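Please look over the sequence and the 3D structure below before reading on.

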Amino acid sequence: MSTASASLRRPGRLSPRRLLDAMQSLGLLAVLVVVFIGVSIAEPRFFSSDSIKAILINSSMLAVCGFGMTLAIALRGIDLSVGSVQALAAVVAAKLSSTGTPLALAIAAALLAGVIAGALNGVVISQLRVPAFVATLGMMSIARGVALIYSNGGSFLVSDSSFTDISRDSIAGVPLPFVITLLALLAAWTLFNHTPFGRHIAAAGGNEDAAVASGIRLAPLVIIVFAIVGLTAAMAGVLLTAQVAYIDGTVGVGFELNVIAVVVLGGTSLAGGRGNLLGTLLAAILIASITGALNILGVATLYQYLAVGLLLILALALQSLRDRLAGRSSADGGE
Amino acid sequence: MSDRVRSALTTVIARYTIEVVLVTLVIVLLLTSSDFGSSQNLDGVLRQSAFVGIGAAGMTLLIISGAFDLSVAPMLALCGILAGHLVGDVGLILAIIAALIFGGLLGTLNGVIVTRLRVPAFVATLGMQYVYLAVALAWTNGAVVVITNTSFLALGAGDALGIPTPFLFMIGTYAVCWYLLWRTRYGRQVRALGSNERASRVAGIPINRVKVATFALVGVCVGLAGVLLAALVSSADSTVATGYELNVIAAVVVGGTSLNGGRGTLVGSFTGAIFFTLVSNALDLYGIGSYWQYVATGLVLITALGVEGLRRRFWLQPA
């Protein structure tokens, strides 16, 4: 009964939609706090600044790429190519840097490679009308091939210390990769929530026909959003290069599914129309914390997979229960 | 007259795009490569196609029903591991049956999570991919299960009636799935469900049961693929099939089955699975490096669906 009137009222700040997003973020925060307290009691070293810094650094790649993915999913798309694009960008950055190219130029080239790959995804989706799932599945294969061809199957050691310092420096005690993550969040959040472009993403993702009928031009929207996803995947590639310094064409395999898992865990619905960027960040930190906690407790890697898998299913089961209790039709949350 | 021929030709190409492309590719390869036609090469192509092909049979029905399954790679590994462990003790037949039942149970579990917990199939099976991988790693301790039973290995590497055994199993799987899809009430319900879930519910179709059964069917197919793959490489381990889910979905989609559900073609998936193997075989024969095969595979996938999109836009109105 109340839902009809609730959906008619659209007060600017506290629409039901935003309330749900906030609830999701609070839920993630609660789980995060529980993990931290529980693990810290079992192993006090977990609550050291070194350990927390490591968690923040490890969450950065997932979060940054997650922001791009959140926009794509809000547009009712998906990008399966981010792992390969990450590898492509990492190989470009590492190869250029190891052959003496200045840092800024190497990073710019890597980011450009990501933007081009992403924009191509957008063109294939909007102009050739290939479903995003298939178009980016194709790009996943193509970008991986290009990364391997460009590296000639070899690997590169980044010796430029100013490059590797990106993952070691801090600003006011906050690791630089996480500062970059926060800046990326600010940019994505502003774009998504406070510009006409962002509103168009949500509108087209919620109801494409209505969006087109109301004069939104779909093609540029799709191309720019996927170019942004490519950019964030490339940023993740640069962060990876800075962190491990030793790069070949096979890095980043499976990254796409981790990123999608983080976005979904963060409360962004695959049905499109809305995106929870803060949730994406919190989910990335949560996953990195669980990985860090299991590492410090000396638990085998396989339990990380188990934890991520069960968390994902549990979170979505709770979401769908919540939606049903809220009286919304379950049909709109389908595949 | 020539108009009728042209319109007939257009219809055939529109309806059997992937089949026409496959036949064209085969003819080109026969004309340009002396090695392609050798029985050894053809044997290899058909044998390789079977693993993705068998998984794609079940996946076609699942995609027609409006869902899909991202957890098939570790599921395949688990079934291979089970068969590898059992075959020494219980013999060939029981080991295979156990692997198929196990696959069916894993698929059922996916279906139950989707229907009972109401988790969208994409996320549910993404989560189960991690869970199954963890189970496989725990089970094998990360080690490789070596298989030495010779009659088991013959399933993967042997021939029967002059045809590679895995390919015979692939034909059998498609025959069964085709019968299920087009000749049974269950198949009708799958197609109805994929076209319009709400209408199917209103029409009294037991939606949850159909969904669970279809996930279970995928599990059984994947179990069979797992047994055959373990037999071919004479071992089983947790990560043997990494990326399998996307190869299977690619074969189904290139074959002409719509990711939106409701319509699809098993013959297309069958052809699609062979087609991808054939593309990499062609590149091998022409001596094109393996890195370019990634690029070619991706381009094939995008072109196959892109042409369809362009055709709909500019050439033919959708039927």
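## A residue at the chain contact

Tyr305(A) is found in helix α14 of chain A, where helices (H or I, at least four residues) and strands (E, at least two) are DSSP runs numbered from the N terminus. This residue is buried, with 22 other C-beta atoms within 10 Å; a residue is called buried if 20 or more other C-beta atoms lie within 10 Å of its own, exposed if 12 or fewer, and partly exposed in between, the C-beta atoms being placed from the backbone. Leaving aside residues up to four places away in sequence, Tyr305(A) touches Tyr130(B), Leu133(B) and Ala134(B), and two residues are in contact if their C-beta atoms, placed from the backbone, lie within 7 Å.

The model is a predicted one, in which local features need pLDDT of at least 70 and side-chain atom pairs count only at pLDDT 80 or more, while totals for chains, interfaces and linings use all residues. Residues are numbered from 1 along each chain as its sequence is written, and chains are lettered from A and ligands numbered from 1 in the order in which they are written.

## Where the two chains meet

The contact takes 41 residues from chain A and 41 residues from chain B. On the side of chain A that touches chain B, the elements that give two or more residues are α6 (132-150), α12 (255-265) and α14 (302-325), and the largest share, 13 residues, comes from α6(A).

The residues of this side of chain A divide into 29 nonpolar, nine polar and three charged, given that Ala, Val, Leu, Ile, Met, Phe, Trp, Tyr, Cys and Pro count as nonpolar, Asp, Glu, Lys and Arg as charged, and the others, Gly among them, as polar.

## Two partners of helix α11(B)

Which way does α3(B) run relative to α11(B)? The axes of α3 (residues 39-64) and α11 of chain B come within 8 Å and cross at roughly 180°, which makes α3(B) roughly antiparallel to α11(B). Here axes are lines fitted to C-alpha atoms, for helices over the stretch in contact, and angles run from 0 to 180 degrees between N-to-C directions; angles under 35 degrees count as roughly parallel, over 145 as roughly antiparallel, 65 to 115 as roughly perpendicular and the rest as oblique. The residues of this contact divide into 17 nonpolar, three polar and no charged.

Helix α9 (residues 185-195) of chain B packs against α11(B) at an angle of about 105°, with the axes 10 Å apart, and is therefore roughly perpendicular to α11(B). Tyr186(B), Gln189(B), Val190(B) and Leu193(B) of α9(B) make this contact with Ile207(B), Val210(B), Ala213(B) and Thr214(B) of α11(B).

## Leu224(B) inside the chain

Leu224(B) lies in α11 (residues 207-233) of chain B and is buried, with 29 other C-beta atoms within 10 Å. Although Leu224(B) and Ile54(B) are 170 residues apart in sequence, they are 7.6 Å apart in space, C-alpha to C-alpha. Not counting residues up to four places away in sequence, Leu224(B) touches Ile54(B), Leu100(B), Phe169(B) and Thr173(B).

## Chain B as a whole

There are 14 helices and four strands in chain B, and of its 319 residues 52% count as buried. Along its principal axes the C-alpha trace spans about 65 × 60 × 35 Å. Residues 24 or more positions apart account for 78% of the contacts in chain B with a separation of 6 or more.
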